[in-house]
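My entries follow the structure.

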Amino acid sequence: MIRDITIGQYYPKESEIHQLDSRVKLIGTLVYMVSIFCFHRFLGFLFVSLFLGWTIKKSGIPFSYIVKGLKPILFLLVFTIVVNIFFSDGHVLWRWGILKLTIEGIHKGIFMGIRLSLLVLGASIMTYTTTPNRLTDGLEQLLKPLSKLHVPVHEISMMMSIALRFIPILLEETDKIMKAQMARGADFETGGMLKRAKSMVPLLVPLFVSAFRRANDLAMAMEARCYRGGEGRTKMKPLKYQRKDYIAFGVLAGYIIILIIGLRYIPSFWTLINI
């Protein structure tokens with residue numbers, strides 16, 4: 001169960017997306033996230049889904065592996081859809097107490113579910129195809145202008161890198177603790193949602209102890225290597241844009257142009273055909 005969680009994990013593979021500069025992928029992910037909330041009709045989400053599908057194909061990552069990223073947020077996804085469906089104002093189709101089913105609520109719930117799913121899948125591509133070190137370097141380079149305003153850019157990037165590195169480590173530690181307790185008779189698979197939640201409580205204490213111990217070991221290792229922040233530090237592999245990165249920027253520019261055209265000229269047509 002724990003091993004099915006793939007959020008924040010790097011998927012090693014030689015693909016066109018893997019070879020892109022991390023800054024290109026960060027900018028592309030940001031543009032993609034913004035575009036998800038620009039559309040309010042199915043044709044718009046179809047366009048975004050086609051772009052996401054093309055990116056997944058270029059990355060070479062199995063689609064089944066990417067879909068696993070939705071499992072941790074499945075409860076949040078269902079909860080968001082249900083709340084929007086039964087608590088939205090509009091033309092009422094069915095009512096029972098405070099619950100009401102409306103046409104507008106159905107549309108809003110479906111669209112919100114699609115948005116959340118596309119958001120997680122798109123953001124996962126960036127972490128699947130970029131190592132934590134490259135992701136940290138890219139974020140630091142993009143935020144570098146903020147350092148003139150005394151924003152600790154390097155420290156922020158370092159904290160994000162450490163957090164991403166700790167995700168698979170903590171998942172592996174959780175899996176070990178679960179197996180150890182299951183060998184002692186603990187049950188994490190049967191019962192309702194409340195019972196399963198209660199059965200997870202004994203995992204928290206050893207997991208927190210392990211996390212604090214690893215954090216302390218990491219801090220001591222950094223101090224032993226005389227780490228004092230990013231000021232004056234150099235990089236063994238500095239980021240440099242290549243030809244493929246400029247091509248990727250061109251594809252991203254085309255995506256933005258099509259997005260602007262679709263938002264400006266096509267909505268009136270969509271309204272006429274009610275799609």
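At what angle do helix α1 and α5 pack, and how far apart are their axes? I noted first that this is a predicted model, in which local features need pLDDT of at least 70, side-chain atom pairs count only at pLDDT 80 or more, and totals for chains, interfaces and linings use all residues. Residues are numbered from 1 along each chain as its sequence is written, and side-chain values use heavy atoms, with hydrogens and water left out.

Entry: α1 and α5.
I found that α1 (residues 22–36) packs on α5 at about 175 degrees, with the axes 10 Å apart. Helices here are DSSP runs (H or I, at least four residues), numbered from the N terminus. Axes are lines fitted to C-alpha atoms over the stretch in contact, and angles run from 0 to 180 degrees between N-to-C directions. The angle makes α1 roughly antiparallel to α5 (over 145 degrees). For contacts (heavy atoms within 4.5 Å), I listed Lys25, Leu26, Thr29, Tyr32, Met33 and Ile36 in α1 against Arg115, Leu118, Leu119, Gly122, Ala123, Met126 and Thr129 in α5. I sorted these into eight nonpolar, three polar and two charged residues. In this scheme Ala, Val, Leu, Ile, Met, Phe, Trp, Tyr, Cys and Pro count as nonpolar, Asp, Glu, Lys and Arg as charged, and the others, Gly among them, as polar.

Entry: α4 and α5.
I looked next at α4 (residues 74–86) and α5 (residues 103–129), whose axes come within 7 Å and cross at roughly 160 degrees. The two are therefore roughly antiparallel to each other. The α4 residues in this contact include Leu76, Leu77 and Ile81, and those of α5 include Gly105, Met112 and Leu116. The classes come to seven nonpolar, six polar and one charged.

Entry: α7.
I checked the length of α7 (residues 153–183): at 1.5 Å a residue its 31 residues should span 45 Å, and the end C-alpha atoms are 45 Å apart, which agrees. The expected span is 1.5 Å times one less than the number of residues. I also found a kink of about 30 degrees at Phe166, shortly before the proline Pro168; the bend is the angle between axes fitted to the seven residues ending there and the seven starting there. After α7 comes Gly185, with a positive phi near 105 degrees.

Terms used:
Parallel < 35°, antiparallel > 145°, perpendicular 65-115°, else oblique.
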